[in-house]
Amino acid sequence: MSIRPVQRIIESTPTVEGAGVRLRRAFGFGDTSDFDPFLLLDDFRNDNPRDFLAGFPWHPHRGIETITYVLAGTVEHGDSLGNRGSLGSGDVQWMTAGSGILHQEMPQGDPQGRMHGFQLWANLPSSLKMTAPRYQDIAARDIQDLTDDDGTRVRVICGEFWGRRGPVDGIAADPSYLDVFVPPGRRKRLAVDTRRHAFAYVFEGGGSFRDASPPREVATEAVGEVGGPTAARWPEEAGDRSLVLFDAGDEVVVQAGERGIRFLLVSGKPIEEPVAWYGPIVMNTKDELRQAYRELEEGTFIRNR
């Protein structure tokens, strides 16, 4: 068994999307090759309804899948094909946009005004870019909740873990999407397919994933030189709203801190194809991208009804 080293730890950054939704972006836009097949991860967590109620009005998607996981509050959604629904606490929607849809997502807080969820974008290979749109709406009750002897809890949304399969299926990148909680002070080993890129996103508590990481420089300051160079300090602990990007290996090791740690553990097989990306449309070439936006202007964007 080989433990995955930590490539880097990234603090999610404040971003405004949609009609004014304040959220935190863990990664997305620019070079996302280290996360292939994933393109973007947003953490839309807020206790102030004014910061999220404007939502994400009608917008297009083509060539990708969007995965929405709600922890608190609800998200009302609808699309140009007539689909309508609502995601509540613990629910998941895995939407394959394929050849294209127009849709909207409108978050609503819980009775205390709180909203929390995640949206992950996954790329589609060129062979499936123009496939018919598909929804997999998964209710919280249909997601496996597993508990190990040491109190570690895992929700298996997609992929196979501890002998159980998640309810989402038929995804080209063969991804794994887990919601993991490790109790305070516990150390846990979690298997990850060596063929996949993998990352963890911490959203409660904190802990260390550094068991197999190579030695790094200790922060030092030049003597007698005010404002002199200081070696960058590698974070010892990944805390709330931190993303941990892993290198190769077949398992991840996490040491939970004093408050325990809860995180998404996501992995998928790299597609390794060129990416032409602008906004919510992701194709393989600039010509395909220009064609998609031309179709939006001409009203011919929707291919499958």
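A nonpolar core is a set of buried Ala, Val, Leu, Ile, Met, Phe, Trp, Tyr and Cys residues joined through side-chain atoms within 4.5 Å, where buried means under 20% relative accessible area, exposed over 50% and partly exposed in between, with a 1.4 Å probe and protein chains only. The model described here is predicted, and local features need pLDDT of at least 70, side-chain atom pairs count only at pLDDT 80 or more, and totals for chains, interfaces and linings use all residues. Residues are numbered from 1 along each chain as its sequence is written, and side-chain values use heavy atoms, with hydrogens and water left out.

**The cores**

The largest nonpolar core has 27 residues, and those with the most contacts inside it are Phe 27, Leu 41, Phe 118, Leu 120, Tyr 177, Phe 199 and Leu 243. A second, separate core of 24 residues includes Val 180, Val 202, Val 252 and Ala 256. In soluble globular proteins, nonpolar side chains tend to be buried together. Contact means heavy atoms within 4.5 Å; residues up to four places away in sequence not being counted, Leu 243 touches, among others, Ile 9, Ile 10, Phe 27, Leu 41 and Phe 199.

**The chain as a whole**

Of the 305 residues of the protein chain, 53% count as buried. The radius of gyration, taken over C-alpha atoms and compared with a globule rule of 2.2 Å times the number of residues to the power 0.38, is 20 Å for the protein chain, which agrees with the value near 19 Å that a compact globule of 305 residues would have. Along its principal axes, the C-alpha trace spans about 65 × 45 × 40 Å. Among the contacts in the protein chain with a separation of 6 or more, 76% are between residues 24 or more positions apart.

**The sheets**

The protein chain holds one helix and 23 strands; helices (H or I, at least four residues) and strands (E, at least two) are DSSP runs, numbered from the N terminus. Two strands pair if DSSP finds at least two bridges between them. An open sheet of seven strands has the order 2-3-4-11-6-9-12, with antiparallel pairing, and its edge strands are strand 2 (13-17) and strand 12 (134-138), each of which pairs on one side only. Within this sheet, strand 4 and strand 11 pair over eight bridges in the antiparallel sense, and Phe 38 stands opposite Ala 122 in strand 11.

An open sheet of four strands has the order 5-10-7-8, also with antiparallel pairing. Strand 5 (56-61) and strand 8 (84-87) stand at the edges with a single partner strand each, so one side of each is left without a neighbour in the sheet. Strand 7 (residues 74-79) is joined to strand 8 by four bridges, and the bridge partner of Gly 78 in strand 8 is Arg 84.

Ile 138 is found in strand 12, and Ser 267 lies in strand 21 (residues 251-268). The table gives their relative accessibility.

| Residue | Relative accessibility |
|---|---|
| Ile 138 | 10%, buried |
| Ser 267 | 5%, buried |

The C-alpha atoms of Ile 138 and Trp 94, 44 residues apart along the chain, are separated by 8.0 Å. Residues up to four places away in sequence again being left out, Ile 138 touches Asp 91, Val 92, Ile 143, Pro 167 and Val 168. Ser 267 and Arg 195, 72 residues apart in sequence, are 9.3 Å apart in space, C-alpha to C-alpha. Leaving aside neighbours within four places in sequence, Ser 267 is in contact with residues including Phe 38, Pro 175, Val 192 and His 197.
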